[in-house]
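Here is a short report on a predicted model. It covers domains, sheets, helices and the ligand shell.

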Amino acid sequence: RTLDDAKDLAGKTALVRVDFNVPMEDGKVTDDTRLRVALPTIQRLRDAGAKVALLAHFDRPKGQRVPSMSLKPVVLPLEELLGAPVRFADDCIGPDAVDAIRDLDAGGVVLLENVRFHAAEEANDPVFAQKLADLGDFYVNDAFSAAHRAHASTEGIAHHLPAYAGESMRRELDALDAALGNPQKPVIGIVGGAKVSTKLDLLKNLVGQLDRLAIGGGMANTFLFAQGVDIGGSLAERDMADTAREIMAEAEARGCKLLLPVDFVVATEVKPGAASRPVVAGADLSADDKILDAGPATVARLLEALTASKTLIWNGPLGVFEVPPFDAATVAVARHAAALAKAGVLVAVGGGGDTVSALNHAGVSDDMTFVSTAGGAFLEWMEGKPLPGVEALQA
Ligand code: 3PG
């Protein structure tokens with residue numbers, strides 16, 4: 001159920017779960033992406049004459065009222081983005097919250113203090129969920145990036161009130177469906193990042209669904225090592241070699257073509273502008289050599305594979321993109337994917353942790369079909385796990 005299904009909202013109170021778990025330094029928001037993501041839902045509800053009470057968590061206070069984890073610093077940047085005043089309530093339940101909501105005019109907005117100041121939030125305590133629900137007339141979940149948590153404000157509350165997906169939740173689910181649920185084929189996945197061990201479930205799920213899967217970043221070294229390729233002193237999980245071989249066998253059995261690097265960029269130190277050289281996979285490396293990026297032949301193969309695909313799902317960079325020149329492969333592949341997406345010939349969806357920074361670094365986030373701001377939720381979705389916050393909206 002989406003906001004299209006929510007009728008006669010004037011004068012009603014919407015409890016809107018947003019994800020304002022934003023980067024903050026010295027009490028100042030340093031990246032307002034997640035605030036911007038919440039604007040369409042807030043604005044739509046305001047336009048419909050509803051009162052808007054925002055529920056959110058910040059950081060992990062573990063049920064304690066930790067002053068440095070207050071959501072108060074979010075008020076000012078949110079007011080600026082919204083062009084309207086935002087009240088703040090010192091608690092998300094009880095008299096502070098009740099009074100702040102009562103005093104709102106139609107279309108008014110209040111941000112309630114960090115729901116995780118109550119241990120009952122993460123415990124998904126039904127009594128706490130009911131107390132949250134008592135504050136409003138209906139519930140809107142616009143926090144896809146927190147939907148992998150079965151907490152009171154993301155899951156429990158949906159059982160106590162009419163519940164709807166907000167605008168950005170809906171966009172996110174539509175994009176994910178286009179990428180993996182019901183994609184145009186052939187589908188290619190790019191999975192990078194440092195470790196195989198953190199992405200095991202994800203790789204196992206993807207090889208069963210994709211036509212091609214490109215593996216990059218530090219985790220590719222583990223696969224290369226498992227194939228007997230000399231990786232010198234590169235980062236790798238050598239004890240995961242058997243697991244890597246199992247994934248390769250599974251990919252073969254399921255008809256998913258694995259694309260591992262056929263060459264790479266090697267250096268002895270990870271620092272900007274460090275002397276580096278391209279090396280073909282299989283050549284001898286010294287113990288000081290570290291593989292820090294995919295090489296030009298690998299990039300050419302990836303560009304070709306992207307051109308031959310209709311859908312891309314991307315998680316994780318191909319090299320140490322934060323330290324140029326080891327960003328070259330990630331940037332080249334990102335630019336090609338974005339150009340195809342812009343031309344309307346590739347549905348290109350990316351997300352999860354470093355991926356957003358990598359796509360921003362390549363300057364292509366706006367041209368991708370969709371870039372998810374979710375971290376853990378995006379990964380769990382790629383692992384094929386049900387997301388409690390989404391399931392609760394479907395119940
Ligand atoms: C995130 O930042 O990924 C979400 O807000 C979830 O935060 P959490 O990992 O602390 O639950």
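Domain bounds here come from an automatic or database domain assignment. That assignment gives domain 1 (3-167) and domain 2 (174-382). Their centres, taken over C-alpha atoms, are 36 Å apart. Residues are numbered from 1 along each chain as its sequence is written. This is a predicted model: local features need pLDDT of at least 70, side-chain atom pairs count only at pLDDT 80 or more, and totals for chains, interfaces and linings use all residues.

Contact between two residues means that their C-beta atoms, placed from the backbone, lie within 7 Å. By that rule, 8 residues of domain 1 are in contact with 6 residues of domain 2. The domain 1 side of this contact holds 4 nonpolar, 3 polar and 1 charged. Ala, Val, Leu, Ile, Met, Phe, Trp, Tyr, Cys and Pro count as nonpolar; Asp, Glu, Lys and Arg count as charged; the others, Gly among them, count as polar.

**Sheets**

Helices (H or I, at least four residues) and strands (E, at least two) are DSSP runs, numbered from the N terminus. Two strands pair if DSSP finds at least two bridges between them. Axes are lines fitted to C-alpha atoms, for helices over the stretch in contact; angles run from 0 to 180 degrees between N-to-C directions.

| Open sheet, strand order | Strands | Pairing |
|---|---|---|
| E5-E6-E4-E1-E7-E8 | 6 strands | parallel |

Within it, strand E15 (residues 311-315) and strand E16 (residues 347-351) pair in the parallel sense over 4 bridges. Trp 314 has Gly 350 in E16 as its bridge partner.

Strand E1 (residues 13-17) and strand E7 (residues 138-141) run parallel, joined by 4 bridges. Arg 17 stands opposite Asn 141 in E7. Helix H1 (residues 33-47) lies across E1, strand E4 (51-55), strand E6 (109-112) and E7, at about 175° to E1.

**A helix pair**

The axes of helix H8 (residues 217-226) and helix H9 (residues 241-254) come within 8 Å and cross at roughly 85°. H8 and H9 are therefore roughly perpendicular, a label for angles of 65 to 115 degrees. Among the contact residues are Phe 223 of H8 and Met 248 of H9.

**The ligand**

Which residues surround the ligand? They are Asp 19, Asn 21, Arg 60, Ser 145, Ala 146, Arg 149, Gly 375 and Gly 376, counted where the C-beta atom, placed from the backbone, lies within 6 Å. This shell divides into 1 nonpolar, 4 polar and 3 charged.

Methods. Parallel < 35°, antiparallel > 145°, perpendicular 65-115°, else oblique.
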